[in-house]
Amino acid sequence: MRHDDAEVPEIAEITLLRVFVGNSEIERRAFCVKDKICLGRDPYTDVMLEDPAVSRLHLEIRREDTDLVLYDRSSNGTRVNGRRIQRHVLKHRDVCSAGQFTVVVEIHPDSRPSLYDQARREGALLDDLPTIAAARGTRRSPS
């Protein structure tokens, strides 16, 4: 472990996607973005947008350093705050449009250090309950 990693606490960032059709909110999903979030018509995307005007993979939100960047992957286009985009660095409360759907992006920094990042810095495998318990400072009793 590098010494400078221990001095700078990492903060988890929660991204909330609020999906609307017209004025009705139809879905609300929270993500801790480590890599990407996919939205589209395909049922295997993270957020499914069922509309013929929406591509199977319509847009991606990717983590790039400290930014969340939206990429248009569609043939019909994506708008952010009313402007057609190919790539856009997201800000809190940006409004994205895909087909009949409007997606409001809310970015919420969490004041607690990310347990994932803390455990990873400490060399944990991150694939089992004892690892999670160790990161929280609790012990899990054997079954």
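1. Let me start with the sheet. Five strands make up an open sheet, ordered β4-β3-β5-β6-β9, with mixed pairing. Strands here are DSSP runs of E of at least two residues and helices are runs of H or I of at least four, both numbered from the N terminus; two strands pair if DSSP finds at least two bridges between them. The edge positions belong to β4 (47-48) and β9 (87-89), each of which has a single partner strand, so one side of each is left without a neighbour in the sheet.

2. A word on the model before going further. This is a predicted model, in which local features need pLDDT of at least 70 and side-chain atom pairs count only at pLDDT 80 or more, while totals for chains, interfaces and linings use all residues. Residues are numbered from 1 along each chain as its sequence is written, and side-chain values use heavy atoms, with hydrogens and water left out.

3. Confidence deserves a look next. The mean pLDDT (the predictor's confidence in each residue, from 0 to 100) is 81 for the protein, and 69% of the residues score at least 70. The pLDDT is below 50 over residues 1-10, a stretch that has nine contacts in the model beyond near neighbours in sequence. Contact means heavy atoms within 4.5 Å. I would keep that in mind when reading the N-terminal part.

4. On the overall layout, the protein has three helices and eleven strands. Along the sequence they follow the pattern α-β-β-β-β-β-β-β-β-β-β-β-α-α. Of the contacts in the protein with a separation of 6 or more, 33% are between residues 24 or more positions apart.

5. Some surface totals. The accessible surface of the protein is about 9,200 Å², and carbon and sulfur atoms account for 48% of it; areas come from the Shrake-Rupley method with a 1.4 Å probe, and for residues only the protein chains shown count as cover. Of the 143 residues in the protein, 36% are buried. Buried means under 20% relative accessible area, exposed over 50%, and partly exposed in between (1.4 Å probe, protein chains only).

6. Back to the sheet, with β3 as the strand to inspect. Four of the five residues of β3 are buried, so this strand is largely enclosed by the rest of the structure. With β5, β3 pairs in the antiparallel sense over four bridges, and C38 has E60 of β5 as its bridge partner. With β4, β3 pairs in the parallel sense over two bridges, where L39 stands opposite V47.

7. V69 has V89 of β9 as its bridge partner.

8. Not counting residues up to four places away in sequence, L90 touches I61, L68, L70, C96, V105 and I107. L90 and E106 are 16 residues apart in sequence, with a C-alpha to C-alpha distance of 9.3 Å.

9. D65, in the loop between β5 and β6, has a positive phi near 55 degrees in a residue other than glycine, and D65 counts as exposed at 76% relative accessibility. N81, in the loop between β7 (78-80) and β8 (83-85), also is not a glycine and has a positive phi of about 55 degrees; N81 is partly exposed at 44%.

10. Finally, the cysteines. How many disulfides are there? The count is zero, a disulfide being a pair of cysteine sulfur atoms within 2.5 Å. C96 is buried at 3% relative accessible area, whereas C32 is partly exposed at 38%.
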